Amino acid sequence: MVDKDTDIIKIDAELCTGCRRCAEVCPVDAIEGKQGTPQFINVEKCVMCGQCIQICSAYASIFEEYRTSREDKLRERNMPVTLEEPIFAAYNIGDLPKVKEALTNTEAFTMVQCAPAVRVAIAEEFGMPLGSLAPGKLAAALRQLGFNRIYDTNFAADLTIMEEGSELVQRITEGGLLPMFTSCCPAWVKFVEQEYPELIPHLSSCKSPQQMAGTMFKTYGAQADGVEPDNIYSVAIMPCTCKKFESQRPEMNTDGYQNVDAVLTTRELAYLIKEAGIDFSSLPEEDFDKPLGMYSGAGHLFCATGGVMEAAIRTAYELITNEPIPNVNIQYVRGSQGVRRGVVHAGDVKVKTVVVSGLKNVVPILEEIKKGNADFHFMEVMTCPVGCVSGGGQPKVLLPKDTEIAYKNRISSTYRHDEEQTYRKSHENPEIKAIYKNFLGEPLGHKSHHLLHTEYKQRGYCK
Ligand code: SF4
Ligand code: SF4
């Protein structure tokens, strides 16, 4: 359990060359040290986005010897000692030992969720083309690894839209605090808590989809599967290193049960699949389990910058007007510019929106809000360059020339997967309808509030 900032992200002083490429991509200037000397991370400033891990190219091959042996380095990182891959100077501490133990514990009922960005990138770890879409193989691999239920964060993304969209409509129609900020990206939330605590009330009180999924596993999922919450071990597969931090926050606990027990990045899941000897590329296509594995195209969009906004607009438009939205593809929120502004005309209501990717791009906007000059209603912020598809836990793209191709392909796979879904709006997902009818009641109701919302707080470091 972590209440303070921890050192999930580290730099190996024996491997670091001091090139400071990591400092160039760090959005909060948390990397300190002189050029040419090993760098270190100011953990209070660090938002744990893992972008330093993605850019670092200093590595130990499997043939090199260091003062600390390769095996010890792998153990320190919680990586399998059998791994035959280079290990890099910048890295994150993993959760594999905990997950392996849960998978062999006959008392534990394991439920796993997969974030949307994982299915558009994990195949890269197995030699498939950059951005290959592989949801069916992913579900099959998780089943072969022995998880009892293969559920999905996308389902909880649909739930987030129900709650967050309703919260936005309530703030607009009843005079609540605006603009409202999305709270899905934990690095962005941590940034607000430590750099702009006076703006915390602007954050949506919704838990992120990862945490909503975890809550639902140990309540609704426990009922559906006839298991005690005590016996459920809840694992999340995430493209994001900061999700490890988020899952350990004391606020992410419902009635004494931590919502998520362990988080594996996409890279860590690939280590697990390789260690188990599973041939990922030849796996058959399998489905996610129901009920908590059914999702709409809107839920899947959460992994791209602008995706939460697009999903929210699809639902908010219909909540406000009671009419179908004329076109579900909201082009103006898509793209790669750091800031994208627009207006949604929903009947007589004009909702002004801002989409931001990259924390450095949000600072001038936050300063404007502090001066009372904000003229918009809703802002989506994602810390990573093009959203979660470029997260710090995603497969590392070794050649810089391939980075842009990887991001482009992962994004186009994302929109393709949305178009392939039977349901493309969160509120049309039949399992979401059933959950409100049979369990939660209504969005923003008493039970939803207890399970799916939280509070954010000022953190130790403030500028
Ligand atoms: S994890 Fe992100 S915030 Fe932390 S040092 Fe690395 S790049 Fe900077
Ligand atoms: S951690 Fe990697 S990218 Fe950062 S200075 Fe060291 S070698 Fe360079």
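## Ligand 2 and its cavity

A cavity is a set of grid points where a 1.4 Å probe fits but cannot get out. In this predicted model, the second largest cavity is the space taken by ligand 2.

The shell around ligand 2 is made up of I11, C16, T17, G18, C19, R20, C22, Q39, C56 and A58. By class, six of these shell residues are nonpolar, three are polar and one is charged. Cysteines C16, C19, C22 and C56 are among the residues that surround the ligand.

## Largest pocket

The largest pocket holds about 570 Å³ of space. Its lining counts 29 residues, and those nearest the centre are V25, Q51, Q54, I55 and Y407. Two or more lining residues come from each of the helices α1 (21-25), α2 (51-55), α13 (359-370) and α14 (400-420). Of the elements, α14 contributes the most to this lining, namely four residues.

The lining of the largest pocket divides into 17 nonpolar, seven polar and five charged residues.

## Second largest pocket

For the second largest pocket the computed volume is about 490 Å³. The lining here consists of 25 residues; E85, E125, R267, Y271 and K396 lie nearest the centre of this pocket. Strands β5 (87-88) and β6 (90-92) and helix α10 (266-275) are the elements that each supply two or more residues to the lining. The largest share, four residues, is that of α10.

In terms of residue class, the lining of the second largest pocket has 12 nonpolar, four polar and nine charged members.

## Cysteines

A disulfide is a covalent bond between the sulfur atoms of two cysteines. Searching the whole structure gives zero disulfides. C384 is one cysteine without such a bond: the nearest cysteine sulfur belongs to C49 and is 5.4 Å away, whereas a disulfide would need the two sulfur atoms within 2.5 Å.

C384 has a relative accessibility of 9% and therefore counts as buried, the cut-off being under 20%. C26 is likewise classed as buried, because its relative accessibility is 10%.

Terms used:
Residues numbered from 1 in each chain as written. Chains lettered and ligands numbered in written order. Predicted model: local features only at pLDDT ≥ 70, side-chain atom pairs only at ≥ 80, totals over all residues. Heavy atoms only, no water. Near = heavy atom within 4 Å. 1 Å grid on protein atoms, 1.4 Å probe; cavity = no way out; pocket = protein on both sides within 12 Å on 5 of 7 lines; lining within 4 Å. Sits in = over half its atoms within 2 Å of the grid points. Nonpolar A, V, L, I, M, F, W, Y, C, P; charged D, E, K, R; others polar. Points joined across faces, edges and corners; volume = space filled by probe spheres on them. Buried < 20%, exposed > 50% of the residue type's maximum accessible area, 1.4 Å probe, protein only.
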